[in-house]
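Morning, everyone. Please look at the screen, and I will walk you through one model.

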Amino acid sequence: KFPMAEMKSLLTNYREIFDEKQAKRDGHIRPRPGVDPEFDEANKDIQAIEADLEQYLREVKRQTGISDLKFYAANKDRFQIEVPIALCSKLPKDWTSKSQKKSHRRFWTPVIVDKLGQ
């Protein structure tokens, strides 16, 4: 005999641990806050690192005098700093070129590599 009561209980629990509408909209199942403490802690860590990197970008703009810097993300190579090619000569030598297009080059800095390693 099929354990229908047990199946209903499992499905009810499963539907309570995430937002089904959001999952359909986003295409990702994410647990609700409080359901998985490790997931919640990882999200906090990610948000803190992203905030640090945004602050770092503001500092880099001030240090280099280049206001046209912004982050670019491509697959796993997130947080590349995109720099107009004409201004690349103003950059510190320890920046690593990651990619480019006709008008911009994209770099990682030692600080970005360190933050992404966290």
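Which residues line the largest pocket? Keep in mind that this is a predicted model. The lining consists of Asp19, Gln22, Ala23, His28, Arg30, Pro31, Arg32, Pro33, Phe39, Asp40 and Asn43. Two elements give two or more residues to this lining: helix H2, residues 20-26, and helix H3, residues 37-64. H3 gives the most, with three residues. By class, the lining has four nonpolar, three polar and four charged residues. The volume of this pocket is about 180 Å³.

Look at the N-terminal end of H3. Asp36 caps it. A side-chain oxygen of Asp36 sits 3.1 Å from the backbone nitrogen of Glu38. Now go to the other side. Gly65 follows H3, and its phi is positive, near 75°.

Which residues of H3 are buried? They are Ile49, Leu53, Tyr56, Leu57, Val60 and Thr64. An α-helix has 3.6 residues a turn, so residues three or four places apart point the same way. What covers these buried residues of H3? The cover includes strand S1, residues 70-74, strand S2, residues 77-84, and helix H4, residues 110-116.

Let's pick Thr64, which is part of H3. Thr64 has a relative accessible area of 14%, so it is buried. That follows because buried means under 20%. A polar atom of the Thr64 side chain lies 3.2 Å from the backbone nitrogen of Ile66. Setting aside residues up to four places away in sequence, Thr64 touches Leu69 and Lys90.

Next, strand S2. Gln80 is found there. Is Gln80 buried or exposed? Its relative accessibility is 2%, so Gln80 counts as buried. What does its side chain reach? Leaving out neighbours within four places in sequence, Gln80 is in contact with several residues, including Lys70, Phe71, Tyr72, Ala74, Lys98 and Trp108.

Lys98 takes us to another strand. Its place is in S3, residues 96-100. Lys98 has 34% relative accessibility, so it counts as partly exposed. Again leaving aside neighbours within four places in sequence, the contacts of Lys98 are Asp77, Gln80, Arg106, Phe107 and Trp108. Take Trp108. Lys98 and Trp108 are 10 residues apart in sequence. In space, they are 6.7 Å apart, C-alpha to C-alpha.

One last stop, back in S2. Phe79 is found in this strand. What is the phi of Phe79? It is positive, about 60°, although Phe79 is not a glycine. Here is the background. Most residues other than glycine have a negative phi. Phe79 is also buried, because its relative accessibility is 11%.

Technical notes:
Residues numbered from 1 in each chain as written. Predicted model: local features only at pLDDT ≥ 70, side-chain atom pairs only at ≥ 80, totals over all residues. Heavy atoms only, no water. 1 Å grid on protein atoms, 1.4 Å probe; cavity = no way out; pocket = protein on both sides within 12 Å on 5 of 7 lines; lining within 4 Å. Points joined across faces, edges and corners; volume = space filled by probe spheres on them. Helix = DSSP H or I, 4+ residues; strand = E, 2+ residues; numbered from the N terminus. Nonpolar A, V, L, I, M, F, W, Y, C, P; charged D, E, K, R; others polar. Buried < 20%, exposed > 50% of the residue type's maximum accessible area, 1.4 Å probe, protein only. Contact = heavy atoms within 4.5 Å. Polar contact = N/O pair within 3.5 Å; in protein donor to acceptor, adjacent residues only side chain to side chain.
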